[in-house]
Every structure is written in structure tokens, then in C-alpha cells.
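Welcome, and thanks for taking a look. Below is a short briefing to read alongside the coordinates on your screen.

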Amino acid sequence: MDQLVTTLFNGLSLSSIYLLVALGLSITFGQMGVINMAHGEFVMLGAYTTFCTQELFANFLPEQVGSIYYFAAIVLAFFVTFALGCLLEKLLISKLYGRKIDSLLATWGVSLILQQAVRTIFGAQGVNVNAPSFLKGGLAVKGVTFSYNRIFIIILVAFCLVMVWLLVNRSRYGSRMRATMQNRPMAQCMGINTKKIDCITFGIGSGLAGIAGCSVALLGSVDSTVGQNYIVYSFMTVVLGGAGNLFGTVIGAAIIGFSSIFVENYQSASIARAIVLLIIIIFLQFKPSGLFTVRSRVLDEGV
Amino acid sequence: MKKGLIKKIAVAAAALCFTMTISSCGKAAGTGDEESVTVGLLHSLTGSMAISEKAVSDAEKLAIEEINTAGGVLGKQIKFIEEDGASDPSTFATKAEKLIDQDKVVTVFGCWTSSSRKAVKPVFEDYNALLWYPVQYEGMEASENIVYAGAAPNQQIVPAVEYLIEQGYKKFFLMGSDYVFPRTANMIIEAQVKAAGLEVVGVEYADMEQTDFAAIISKIEAAQPDVILNTLNGSGNVSFFKQMSEKNYTSEDYMTMSFSIAEEEVTAIGPALLTNHLVSWNYYQTTDTAKNKDFVAAYKAKFGENRVTSDPAEAAYINVYLWKAAVEKAGSFDVDKVIEAIESGEISFDAPEGMVTLNGDNHHLAKPVRIGEIRADGLIYEIKSTPAPVEPDPYLTTYDWAVAAGIQPLE
């Protein structure tokens, strides 16, 4: 029983991490159709922002406020990566709309540049992010320990998910965004500044990656390659769920996260990875466009 | 107009190529002149291995500088050409060939990972050149053309397991990254533990890029080991120890003995998560010898007060001095004569870790073994050491249990 609860919690936790990384991608890749290979590097930059905030707080502020640094880091990470995302969109991606392979290569180049830049500034060994004191340790309930980190990440993901849903489906900006993505010329005719929409949308997707960076910094190492560890899984999550569908991304993350943990309980980590990939391949044989598909003119045209 | 421009560029490029060829010819001839001799340094300056290898390349430069100040080798100043292996075995092989064949260096100090060493080994053997390798490794190798200054398994892994058995640990859990070093190490550990009549309760390998250790930790919980033998490499260590701590586990719940965590790695993981955990090496920054005080002071003075010295850096430093000793014994830079000097078994050096002697038969070092404990200040303190240097035995032929288990190199 304990074993089962632990497994379920681990699965939920892993799914939530994949979901958080994939959430930004579901916007930039799912909605906008940009294959952004630098998405993982935005995650990495979010993690480094967390580190910088931690150091700033430790050096310039009294100790009592020390552990609230983490909340400041989340906000800062969002804005730093949001700004960089907007910049990347303006300088590079906006020139490459409709040229998927080119944007794939260009953003891959950007990812290498960002990795080397971070390595030059911070060193390749990786930096040390300490969990804030209120997230240290775990809650023990009848022999099962639920770590505060992971509980916090699950709550953070739920919060981000609700915010994204509200933004896309309930806000004025969201309807403009959907209009732009579904039928650009018509949206332009209606007086929507689609270039601005593109830029901000890409920024939001990148900003979400920054928030994901804050949470992965709690769980593992913060070094220049940390984003690479998540990028493949997050693309798989979005593809499995069906590009452009938020609910699909949630289900995609859950399938990948839970199946990884369940398989790994009985097999080695490498086999678990292979089996999860196999599940995805088989799945996509029957549902080539993912679990949930959005019908829109853009997809019909195959742009 | 445009054609004219292209033509100009082509001419300029041709001229550039020509001058480069000329100048590289000049270099190739310059393996040394009356006053100097050139050696090669071959480490990853870029890519994921860069920071680890930077420490060893720094230590080599420090040794070269010290030797030059003291008058050089056979009256010649040492110059070096540094090449970047870029964390990629095939690049290592190409650059090794370049250093030997084109730059005509007299010897090469280099490599870190076993895969890079295995990639350059045929190059050094084909050209009959000499490589000085600075890192502990899985053993099962002894090339004529390589000197191994790091620990063989019987100078790191085997004594560590002996120590744990002595301390009364009974149930062992083996965990490592999925590649050649951890797999060979675990094969050795399993044979040793079983021969002592004790139990290995689990063996797990993590993917090199693994970030989530929740499943492995629940397997550890289910197996209830007394001690975890950790051969994880790189960032996996950070994730593992962070995720152990979030379950409130400390060394009191699960003791770990790690084989790839030295001072540099402790800083990156965070000393708080590692306090009281065990490691096994031949050298620590805190090792109490007069030579080490000088070495640490010189290293910090040259590279910065916040830098730490570690076992691989110290071994790299030793390598340069051993090469000097071998050259002086041979009275020549000629590789055959230097190898002959090495094989006399009389080359030794009073190193920061203590006296080390180069074994003429297998090109490894006899060196002391130290079990260390990580403390809150991020340094490692010796808790037990061997009274005398341990003779290297890369194939474990002097251990009955290893012979009985038929341990073979994984290729």
C-alpha cells in the first residue's frame, strides 16, 4: 500500500514537472508552430536566474527574508525569459515563420550559444541552488514521505495551468491570439497587430519555461546542459497530447510521467526510457496528430 | 563588381592559407630547439567535461611552470601546445594524432574519461608515443604507451569495500551511471562482497541524463541496504543527493560511499547534502604532508583562492614530474628510452599525497589509499589510510575472489 502511494505520488510529481516544461512549448510549438530547440535553454536560464536571486538575497538582504527569495526568483525568472523570448522572436524567429526546418536549425544554434555563454559566465561545473527553508525535507504520513518540493511544484503547475487557460480562453488577448494563430489574414483585417501578438505569445511561452527552470533547480543540478535533459520529453508531451491543445498536453504529460515511474519500478532506468518511447511510437501510429486535435484553418492548410 | 570582390576574397584566402602552411611548417620543425622542448596537453576545454578537465590541465601547467623556474628538464625549458578534445572521443583521437605527427611533441599529458583514453590508445600505440593519464579508472588495461597516474581499482574501490566490511556494513546497494566505469566497478564490488559472505541487495544504473531519482530511491527504500556504493558521474549526483534530502534521509539513514565525488564536485552538489558521507581517493586537499601545503598554496596563488585541489589534479601534477624524472634517468627525450627508464621501476616522486613509485610492469603508480569523510566546510578529511603505498594491480590478479569470479574487461 505504502509502495503504491509512493509510486502514485512519484508519478504525479514527474508528470507535473514534464507538464511545467511542456506548458510553454504547448504555446510556442502547439499554438504558433515554431519548433523552438532553445526552449530547454530558457528552462536553464530560469534555473540560473533562481541561483542569481538566491545569491543576491544572501548577500544584500538580512537573513530573515532569505527564504522568500524563491518567490522573487519565480517572478524574475518569468520576466527574464519572457524578455529574452520576445527578443529572440523579434530578431530571429519572426524572419522564419513558415520555414520550420530553418527555424529548427536557427534555434538549435541559439541553444548552443546560450549554453556556451552560461558556461563562460558561471563555469561548466554547475551551481548550487538550495531549496528555501520552508521547502526542505518532507511530510511523513504513515511511513510515506511526501517531499515539500514536489508538493510545491504540483501546486505551481496547477496555478500556471489555470493562468494559461484563463489567458488563452477567457481574456481579450487570448481571443486575439487564437484569432491570429487560426487565421492570420482575417485577424489582420480585423485590426489585430499580429506581429505584436506573435512576439508576446512567444515571450509567454518562454516565460513559462523560466518558471519551469525555477522548479527543476530544486530537484537537480543547475548546469548549462540542464535544459537538454527535458527538451525531448517536453516535445514528446506536446506531440502526444496533440499540438495546440492544453488539455492534451496535460494528458500527454500524465501518460509519460506515470508510465516512466511504473516501468522504472520493475525495470532499469534505461529500459524504462525505451519502453516509454515505444509506447509513444505505437500511440502515434494510431493517432498521428496526437490525442486531441484542434481543427483550424491553419492546420487544414498544412502550413 | 561582385565577381571582382569574390576574386579578391579568394586571393586573400589563398594567401592566408599559404602563410598558415608556412607558419605551421615552422612550428612542426620546432619540437624544441637548443633551449626548449615541446610537450602536448590534450584535455576538453569545451563541452560537458570542460570544468573537470580544466582543473587537471591547470595542474599540469603549474608543474611545467615550476620545473621551468627550477631550470627545466635536461637543461631545456618546457613549452606546451594545448589542444581541445571537446569532450568528444573522436576529437581526442584526431587531436592526439595532430600533436604527435604534426607538432612532433615529445610526450602528451591528457584525457579524463575512459572513453577518451580508449579512443587515443591506438593512436599512441601506432605512433609509439607516450600518454600520461591522470584519473582513477576501472582498470583492466596496461598499455606500453600509457602511464596511469590515477588509482587502479585495487587502490580505490577494493580498499573502500574492505573498509566498509570492516566497519560491519552487511547489505550493499550498488548504484551508478550507465557506462563502462560503473559497470566494471560494480562487477568488481559484487565479486568482493559475495566472497566476504555478504549481500548485494540491489544494482541500479541511471541514465547519464537522468534527473528524476524517485523510482531508484523507492527501490533503495524497498531493499533496505546498510550502505550505498555510488558510482554516479556528473550531474546525476546532484539530483540524487537533493532528492534523498527531500525525503529527510541523511548519512544516518543511508550511508553512501562515492567513487566520483572529489572536492570540485562537493562544491557543486552542496556540502550540506553530503556531510558525513564517505569517499575513497588517494589524495585530498587536506592531506597532511609538507609537499601538499606547498602544492595547495601554489595552486591557489596561480588560479585563485576559491579553487580547490582534488585527486585528479594532483595526479596530473605528479605526471609531469614523473615524466621529468624518467627523461632524466634516460638522459634523452626519445620515447623508447623514456619507456625503458619507466620500466626500470626506479622512477619515483615525493608527491603531495606521499611517495609514489612508477611500476615498471604495468605503468601504474604505487600510491597510498585514503578513505575520506566529507564535512560541512566542503572539504574531505581522511579517516583511514593505508600504512604504506599500495602496489597497483589493474587486472586484480593478486585477489583470489577476483580471479575466481573471472572479472573481464567490458569492451
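This is a predicted model: local features need pLDDT of at least 70, side-chain atom pairs count only at pLDDT 80 or more; totals for chains, interfaces and linings use all residues.

Chain B and chain A touch through 33 residues of chain B and 34 residues of chain A. About 2,800 Å² is buried between the two chains, with 44% of that area on carbon and sulfur atoms.

**The chain B side of the interface**

- Across the interface of chain B and chain A, 17 residue pairs are in polar contact, both partners being at pLDDT 80 or more.
- Several elements of chain B each supply at least two residues to the side that touches chain A: helix 2 (50-69), strand 7 (199-206), helix 7 (214-223), helix 8 (235-245) and helix 9 (263-269).
- By class, the residues on that side of chain B are ten nonpolar, twelve polar and eleven charged.

**Salt bridges**

- The whole structure holds 26 salt bridges over all chains, and the count between chain B and chain A is three.
- In one of the salt bridges, the side chains of B:Glu246 and A:Arg150 meet at 2.4 Å, N to O.
- This pair crosses between chains: B:Glu246 sits in the loop between helix 8 and strand 9 (255-258) of chain B, while A:Arg150 belongs to helix 5 (residues 148-170) of chain A.

**Helix 8 meets helix 8**

- Helix 8 of chain A (residues 194-219) packs against helix 8 of chain B at an angle of about 80°, and their axes are 7 Å apart.
- Because of that angle, helix 8 of chain A is roughly perpendicular to helix 8 of chain B.
- From chain A, this contact involves A:Ala217, A:Leu218 and A:Leu219, which meet B:Ser239, B:Lys242 and B:Gln243 of chain B.

**A helix pair within chain B**

- Helix 12 (residues 311-330) and helix 13 (residues 335-343) of chain B pack with their axes 8 Å apart, at an angle of about 105°.
- That angle is why helix 12 of chain B counts as roughly perpendicular to helix 13 of chain B.
- Helix 12 of chain B brings B:Ala326, B:Val327, B:Lys329 and B:Ala330 to the contact, where they meet B:Lys337, B:Val338, B:Ala341 and B:Ile342 of helix 13 of chain B.
- Sorted by class, the contact of helix 12 with helix 13 of chain B has six nonpolar, no polar and two charged residues.

Note on methods. Residues are numbered from 1 along each chain as its sequence is written. Chains are lettered from A and ligands numbered from 1 in the order in which they are written. Side-chain values use heavy atoms; hydrogens and water are left out. Contact means heavy atoms within 4.5 Å. Buried area is the accessible area (1.4 Å probe) that two parts lose on being put together, summed over both. A salt bridge is a side-chain nitrogen of Lys or Arg within 4 Å of a carboxyl oxygen of Asp or Glu. A polar contact is a pair of N or O atoms within 3.5 Å; within protein, one must be able to donate a hydrogen and the other to accept it, and residues adjacent in sequence count only if both atoms are side-chain atoms. Helices (H or I, at least four residues) and strands (E, at least two) are DSSP runs, numbered from the N terminus. Ala, Val, Leu, Ile, Met, Phe, Trp, Tyr, Cys and Pro count as nonpolar, Asp, Glu, Lys and Arg as charged, and the others, Gly among them, as polar. Axes are lines fitted to C-alpha atoms, for helices over the stretch in contact, and angles run from 0 to 180 degrees between N-to-C directions. Angles under 35 degrees count as roughly parallel, over 145 as roughly antiparallel, 65 to 115 as roughly perpendicular and the rest as oblique.
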